[in-house]
Amino acid sequence: MPGLDESNAHSAELAHLFAFTMGERPLTPVQQSLATRIQRYRGAFARYGAPLAPGRPLWPRAAPGTVMPLSPTSTRPTTSFAADHQCAFWNGPHPVGTP
């Protein structure tokens, strides 16, 4: 929406997918590199039905506990994503009044 600051986590990937920036801030060279990787993986998935981007790490088959995060500095499968992002906390019940 015009005039709406969308520089929040819920729309952060949009600047990497499309040719615009969030909050009038251009992408840094590292962010631009990530944007290129994201676009190539998504483009390959749309074209071939699999994210087989030339010159990029092979995307592994889905396996329980294994994910392929795309970060500014690395693209590789990992089994520590859930622990790194404290998923057990977010998946658990939270009594009213607790963070």
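Analyst: Among contacts in the chain with a separation of 6 or more, residues 24 or more positions apart account for 19%; contact means heavy atoms within 4.5 Å. Please keep in mind that this is a predicted model, where local features need pLDDT of at least 70, side-chain atom pairs count only at pLDDT 80 or more, and totals for chains, interfaces and linings use all residues. Residues are numbered from 1 along each chain as its sequence is written, and side-chain values use heavy atoms, with hydrogens and water left out.

User: How do you know that the span of α2 agrees with its 20 residues?

Analyst: The expected span is 1.5 Å times one less than the number of residues. For the 20 residues of α2 that gives 28 Å, and the end C-alpha atoms are 28 Å apart, so the two agree.

User: Which residues of α2 are buried, and what do they pack against?

Analyst: They are L34, A35, R37, I38, Y41 and A44, and they pack against α1 (14-17). An α-helix has 3.6 residues a turn, so residues three or four places apart point the same way.

User: Why is Y41 called buried?

Analyst: Buried means under 20% relative accessible area, exposed over 50%, and partly exposed in between (1.4 Å probe, protein chains only). Y41 has 3%, so buried is the word for it. Across the chain, buried residues make up 16% of the 99 residues.

User: What makes Y41 and W59 an aromatic pair, and of which kind?

Analyst: Rings of Phe, Tyr and Trp (its six-membered ring) pair if their centres lie within 6.5 Å; planes under 30 degrees apart count as stacked, over 60 as edge-to-face and the rest as tilted. The count by this rule is 1 aromatic pair. Y41 and W59 are 5.0 Å apart, centre to centre, with 75 degrees between the planes, and the pair is therefore edge-to-face. Y41 sits in helix α2 (residues 29-48) and W59 in the loop between α2 and α3 (81-84), so the pair ties together parts 18 residues apart in sequence. W59 itself is partly exposed, at 32% relative accessible area.

User: How do you know that T75 makes a polar contact with R37?

Analyst: A polar contact is a pair of N or O atoms within 3.5 Å; within protein, one must be able to donate a hydrogen and the other to accept it, and residues adjacent in sequence count only if both atoms are side-chain atoms. The side chains of T75 and R37 make theirs at 2.3 Å. T75 lies in the loop between α2 and α3 and counts as buried, at 11% relative accessibility. Leaving aside neighbours within four places in sequence, T75 is in contact with R37, Y41, P57, M68, P69 and L70.

User: Is H16 buried or exposed, and what does H16 touch?

Analyst: H16, in helix α1, has 12% relative accessibility and counts as buried. Not counting residues up to four places away in sequence, H16 touches L27, Q31, L34, A35, I38 and Q39. The C-alpha atoms of H16 and Q32 are separated by 7.2 Å, while the two residues are 16 apart along the chain.

User: Why is L14 called partly exposed?

Analyst: L14, also placed in helix α1, has 25% relative accessibility, which puts it in the partly exposed class. L14 and A35 are 9.4 Å apart in space, C-alpha to C-alpha, and 21 residues apart in sequence.

User: What does V67 touch, and where is its place?

Analyst: V67 is in the loop between α2 and α3. V67 touches R76, P77, T78 and F81, not counting residues up to four places away in sequence. At 32% relative accessibility, V67 counts as partly exposed.

User: What makes the phi of Q86 worth a look?

Analyst: Most residues other than glycine have a negative phi. Q86 is not a glycine, yet its phi is positive, about 55 degrees. Q86 lies in the loop between α3 and α4 (87-91) and is exposed, with a relative accessible area of 52%.

Technical notes: Helix = DSSP H or I, 4+ residues; strand = E, 2+ residues; numbered from the N terminus.
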